Amino acid sequence: MSDNPTKKKEKIPRQPMAEQEPQVRRHNFDEVPFGYSDEVALLEAQRCLQCKKPPCMAGCPVEIDIPGFIKLVAEGDFIGGARKIKETNTLPAICGRVCPQETQCEVVCVLAKKGDPVAIGRLERFVADYERKSGDIQIPKKASSSGKRAAVVGSGPAGLTIAGDLVKMGHAVTIFEGLHKPGGVLIYGIPEFRLPKAIVDAEVDYLKKLGAEIRPNVVIGRGKTVDDLLAEGYDAVFLGVGAGAPVFMNIPGENLSGIYSANEYLTRSNLMKAYRFPDYDTPIALGKNVAVLGGGNVAMDSVRTALRLGADNAYIVYRRSKTELPARIEEIHHAEEEGVQFKFLTNPVEFIGGEKGWVTGMKCIQMELGEPDDSGRRRPIPIKGSEFVIDVDMVVVAIGTQANPVVPATTPGLETNRWGYIVADPQTGATSRKGVYAGGDIVRGSATVIEAMGDAKRAARAINEYLKTL
Amino acid sequence: MLNEVIENTKLSDIVVRMVIEAPDIADTRKAGQFVVLMIDEKGERIPLTIVDSDAAKGTLAIIYQVVGKTTAQLAEMRAGDRLFSVLGPLGRPTEIENFGTVVSVGGGVGIGVAYPITKALKEAGNKVISIIGARTKNILILEEELKAISDKLLISTDDGSYGHHGFVSDILQNLITSGEKIDRVYAIGPVPMMRVVCEVTRPHKIPTVVSLNPIMVDATGMCGACRVAVGGKTQFACVDGPEFDGHEVDFALLATRLRMYCDQEKQATESTRCTCHER
């Protein structure tokens, strides 16, 4: 036994997080992992080396004091740990669940060089859950009222974050949300088994307690425009409207019944709770042989939802190989465990319809990988004559989203790029319109929850400075 | 109170007119636009065309036919009840200008959708001929209201109980044959009716606008549930429509997609007869 504390820490293995058995969970919508117990969290927190110059912090888009909060966990001060995170991140229970830690904070952890990194995400989740369950939620001090008003358009990760920050800075904030329930992609997109909606609701409640006003059922750009908001006396507007428009394959037969965009399929299940039909009124197709097109997190969410809704065969159909799958490793792993079948190097070319216009099959072509393309990934090339048909009775197209043109089209002078995304300064979120800022997917195209939150934090600082000049 | 039901009046055995408090929507809505409403938190989001509005009172009117669980529940609501949510105005407004002579064709509950468009066309100075029809006399709606804003009103019933015995498309055909110069036709009603009207006007190259009613979820361009094929291209009725060039619309696809949840609708209404094909 060595007395060297570093050596001792290295002997504690990375603590696993207990989760539902695959054969059980593929039949329910309950969250997959159970989270750390107090004991396990204490053990895991002790593994942190408390680096003087912590590389993990540099890897975090919202600059959480990671060693700081983990130190508090190691000392048993779990609520203190949660509050430490909340100094910079308003949504730790969400980030602890959906952040890609393996490409952000954990990948650069010093321990990762020789073995497994500290389970930063699991610890973040643990303290946030601990604080929420304790009911001991502290409302932080707000700066004195500035007398200024800000409008936030969209209540997804960016909107919730900037609203929290601006309220704390002393400004009056109103969030406008198009749907009937706030939370954006956290509510309509990410399924219950990955992010329980009660957690999102708790975060929204917290924001209301802080003093933010939330107005659901208002689509800015239809009826009221951005200019109307400015005319009504809002001093600044933040656009966090997401990239909500679905992308389809544009191949024959795509409008057959039983073919969904991932947005529709997930919105029906998550926002409208169609998985609880007929208790909830919104229906959803219950495919037995389901193909999900695409390889990202949204594709994994869709295919795992289809399994839970009773599919016998649930396929991921992806035109590249396993190495190129853009989804988080954890999601791919969970999908594999639950029995999702992966059809790699496969690209659909046509949907085949049967009686009553319902999809019955999908003609695909086999692909091979060629030279790297612009994205640096090897380009998939069709193999001539390799067409074959997969029997399906439901398809979910999860190949990405694009900018919803409603806000840009109704905001004169708001500069967009060739894909319709809003052009914004990466440091401040400032757009071509004075007093109008933007962040998240409507600027980046496709971002993660935490990247959208990072944009929102920077924009909050910039808006704060801007409001001081008025 | 927001989203309060001000009145909910039966226009016929199966068609109901509801007036809702929604000041922001009443303020900004234009002819041809619609709202999405939910009765309660477990409810469906259903799109309904705004039939009329009163900006001073902050109210808007919708007309719906009882076809399934949600509309049956809606019909049960009384003045003073509140809807869980009302979102709007959605969709592109109707392009209104003085085209000359326009014919507005409304079938069944579609007469309610045709009404605000007809009214706006009349106000823009058009000569307006309205043709309305229903299966039978006692479910025919808005006769008086349309008479008041039309230069001529013609009526048909499928069973001959009132007006012309036959279809609205027959009347339109007769009108064209009689030499009436028609600059534009609006056709709003069940899918088969709109399809036939478009076939009547096609040989005469009369521009024909239809208002489509596919299944929607968010109705803001996010989900694509409402996709329709127009001129061989996929469009979203919620943001690209709901009005399209009727000569380019794939009505067979629209009809098929409207039946997508036939089985679930039966289950929800616990009825043995599915009514979704009557949309």
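The model is predicted.

The contact draws on 43 residues of chain A and 39 residues of chain B. The size of an interface is often given as the accessible area lost when the parts come together. Here, the area buried between chain B and chain A comes to about 3400 Å². Carbon and sulfur atoms contribute 56% of that area. On the chain B side, the residues losing the most area to chain A are Lys42(B), Met222(B) and Arg227(B). Together they account for 21% of what that side buries.

Polar interactions also cross the interface. Between chain B and chain A, 16 residue pairs are in polar contact, with both residues at pLDDT 80 or more. Three salt bridges are found across the interface. Lys42(B) takes part in a salt bridge with Asp279(A), with an N to O distance of 3.0 Å.

Several elements of chain B build the side that touches chain A. At least two residues each come from helix 1 (23–28), helix 2 (69–76), helix 8 (251–258) and helix 9 (262–269), among others. Strand 6 (85–90) and strand 14 (233–236) of chain B also supply at least two residues each. Strand 6 of chain B gives the most, with five residues. By residue class, the side of chain B that touches chain A holds 17 nonpolar, 13 polar and nine charged residues.

Chain A contains an open sheet of five strands, in the order 6-14-7-8-9. The pairing is parallel. Strand 6 (259–261) and strand 9 (341–343) of chain A stand at the edges. Each has a single partner strand, so one side of each lacks a neighbour in the sheet. Neighbouring strands of this sheet are turned against each other by 20 degrees on average, direction ignored. Val317(A) stands opposite Lys343(A) of strand 9.

Two helices contact this region of chain A. Helix 13 (residues 262–271) of chain A lies across strand 6 and strand 14 (394–397) of chain A. Helix 13 runs at about 85 degrees to strand 6 of chain A. Helix 14 (residues 297–308) of chain A packs on the sheet. Helix 14 touches strand 7 (289–293), strand 8, strand 9 and strand 14 of chain A. The direction of helix 14 makes about 170 degrees with that of strand 8 of chain A.

Over all chains, the whole structure holds 42 salt bridges. One of them joins the side chains of Arg97(A) and Asp129(A), at 2.8 Å from N to O. This pair links distant parts of the chain, 32 residues apart. Arg97(A) belongs to helix 7 (residues 92–98) of chain A, and Asp129(A) to helix 8 (residues 120–134) of chain A.

Most residues other than glycine have a negative phi, and most peptide bonds are trans. The peptide bond from Phe277(A) to Pro278(A) is cis, with omega near 5 degrees. Pro278(A) lies in the loop between helix 13 and strand 7 of chain A. In chain B, the peptide bond from Gly241(B) to Pro242(B) is cis, with omega near 10 degrees. Pro242(B) sits in the loop between helix 7 (237–240) and strand 15 (243–245) of chain B. Leu345(A) has a positive phi, near 50 degrees. Its loop connects strand 9 and strand 10 (346–353) of chain A.

Definitions and conventions: Residues numbered from 1 in each chain as written. Chains lettered and ligands numbered in written order. Predicted model: local features only at pLDDT ≥ 70, side-chain atom pairs only at ≥ 80, totals over all residues. Heavy atoms only, no water. Contact = heavy atoms within 4.5 Å. Buried area = accessible area lost by both parts, 1.4 Å probe. Salt bridge = Lys/Arg side-chain N within 4 Å of Asp/Glu carboxyl O. Polar contact = N/O pair within 3.5 Å; in protein donor to acceptor, adjacent residues only side chain to side chain. Helix = DSSP H or I, 4+ residues; strand = E, 2+ residues; numbered from the N terminus. Nonpolar A, V, L, I, M, F, W, Y, C, P; charged D, E, K, R; others polar. Pairing = 2+ DSSP bridges. Axes fitted to C-alpha atoms, helices over the stretch in contact; angles between N-to-C directions.
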